[in-house]
Amino acid sequence: MHPDPRPLVVDRAAGTGGELVLRRTGPHHEIISNGVFLMDTRDGTSERLLVRAATEHLTAPASIVIGGLGVGFSLAEAAADPRLTAITVIEREPAVAAWHRGPLRPASAGALDDPRVRLHLTDLLDWLDTDPGTHDALCLDIDNGPHWTVTPGNARLYSPAGLDRLARRLTPRGVLAVWSAADAPGFTALLRTRFADVDVRTVPVPRGEPDVVYLARTPRAHGSA
């Protein structure tokens, strides 16, 4: 097997959290934030599982929120599900959304054009404070997960107060799903203080620790912001 060619820079953009770079290595694309690798288009198994696991018990009509567009695997999975009649995508970086009109369009299967999809270019925390509705699935793919956030402010999502804010946006049958690039020490225990039903699923990767998807249902009544 021949090694991948050297990465080629497709685009650079000033993002809200610093410089964003879209690179291509052979047929694959990578997103780099401030020099730190975030994600690529090589696999996407765990990103798809994030949506499938969150929606596996839902019946139509159902609504889903995807926090973090990334390379688009989660959105493509959601758009392929006819039970989902409302798909909300929260992405704070305009450059990432723009790349899905161009080089990243195949990864998201052009799903931004799906009439069920509503894209909001804002921070997820800000959106949580302004959205009046509740949703059947909240799928978070923010940074590298609860244990390592490239943008320090994103750590607030995974705090007790952040989890309470998320819980208030769930319908009674709703599921919170959180993607992580590795096990996040203490996060399962924290979820169990806020939710009565917590499940953890792992996805092996070719190198390094497995990806992890955390699932939480049935918020506990004592949680408060």
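Which residue of E3 is the bridge partner of Thr25? The answer is His28. Strands here (E, at least two residues) and helices (H or I, at least four) are DSSP runs, numbered from the N terminus.

1. Basis of the notes. This is a predicted model, in which local features need pLDDT of at least 70 and side-chain atom pairs count only at pLDDT 80 or more, while totals for chains, interfaces and linings use all residues. Residues are numbered from 1 along each chain as its sequence is written, and side-chain values use heavy atoms, with hydrogens and water left out.

2. Axes are lines fitted to C-alpha atoms, for helices over the stretch in contact, and angles run from 0 to 180 degrees between N-to-C directions. Strand E2 (residues 18–25) runs antiparallel to E3 and is joined to it by six bridges.

3. Glu30. This residue lies in strand E3 (residues 28–33). Glu30 has a relative accessible area of 7% and is therefore buried; buried means under 20%, exposed over 50%, and partly exposed in between, with a 1.4 Å probe and protein chains only. Its side chain makes a polar contact with the side chain of Arg42 at 3.1 Å. A polar contact is a pair of N or O atoms within 3.5 Å; within protein, one must be able to donate a hydrogen and the other to accept it, and residues adjacent in sequence count only if both atoms are side-chain atoms. Not counting residues up to four places away in sequence, Glu30 touches Val21, Leu22, Arg23, Thr25, Phe37, Met39, Asp40 and Arg42, where contact means heavy atoms within 4.5 Å.

4. Nonpolar cores. A nonpolar core is a set of buried Ala, Val, Leu, Ile, Met, Phe, Trp, Tyr and Cys residues joined through side-chain atoms within 4.5 Å. The largest has 41 residues, and those with the most contacts inside it are Ile31, Ile64, Leu75, Ile87 and Trp99. Its largest share, five residues, comes from helix H1 (residues 45–55). Apart from this core lies another of 25 residues, including Leu138, Tyr158, Leu176 and Val178. Leaving aside neighbours within four places in sequence, the contacts of Ile31 include Val36, Gly70, Trp99 and Leu104.

5. Helix H1. Eight of the eleven residues of H1 are buried, and the helix is mostly covered. Among the buried residues are Ser46 and Glu47, as well as Leu49, Leu50 and Val51.

6. The seven-stranded sheet. This open sheet has the order E7-E6-E5-E8-E9-E11-E10 and mixed pairing. Strand E7 (117–120) and E10 are at the edges with a single partner strand each, so one side of each is left without a neighbour in the sheet. The twist averages 15 degrees from one strand to the next. E10 and E11 pair in the antiparallel sense over eight bridges, and Phe195 has Pro219 in E11 as its bridge partner. Helix H6 lies across E9, E10 and E11, at about 155 degrees to E10.

7. Helix H5. Six of the eight residues of H5 (residues 160–167) are buried, so the helix is largely enclosed by the rest of the structure. Those six are Gly162, Leu163, Asp164, Arg165, Leu166 and Ala167. Their cover includes helix H4 (124–130), helix H6 (187–194) and strand E9 (170–180).

8. The ring cluster. Ring pairs link Tyr158, Phe187 and Tyr214 into a cluster. Rings of Phe, Tyr and Trp (its six-membered ring) pair if their centres lie within 6.5 Å; planes under 30 degrees apart count as stacked, over 60 as edge-to-face and the rest as tilted. By this rule the count comes to two aromatic pairs. The ring centres of Tyr158 and Phe187 are 5.9 Å apart with planes at 85 degrees, so this pair is edge-to-face. Tyr158 is in the loop between E8 and H5, and Phe187 is in helix H6, 29 residues apart. Phe187 is buried at a relative accessible area of 4%. Phe187 and Tyr214 also form an edge-to-face pair, 5.0 Å centre to centre with 85 degrees between the planes. Tyr214 is in strand E11, so its pair with Phe187 in helix H6 ties together parts 27 residues apart in sequence. Tyr214 counts as buried, at 0% relative accessibility.

How values were computed
Pairing = 2+ DSSP bridges.
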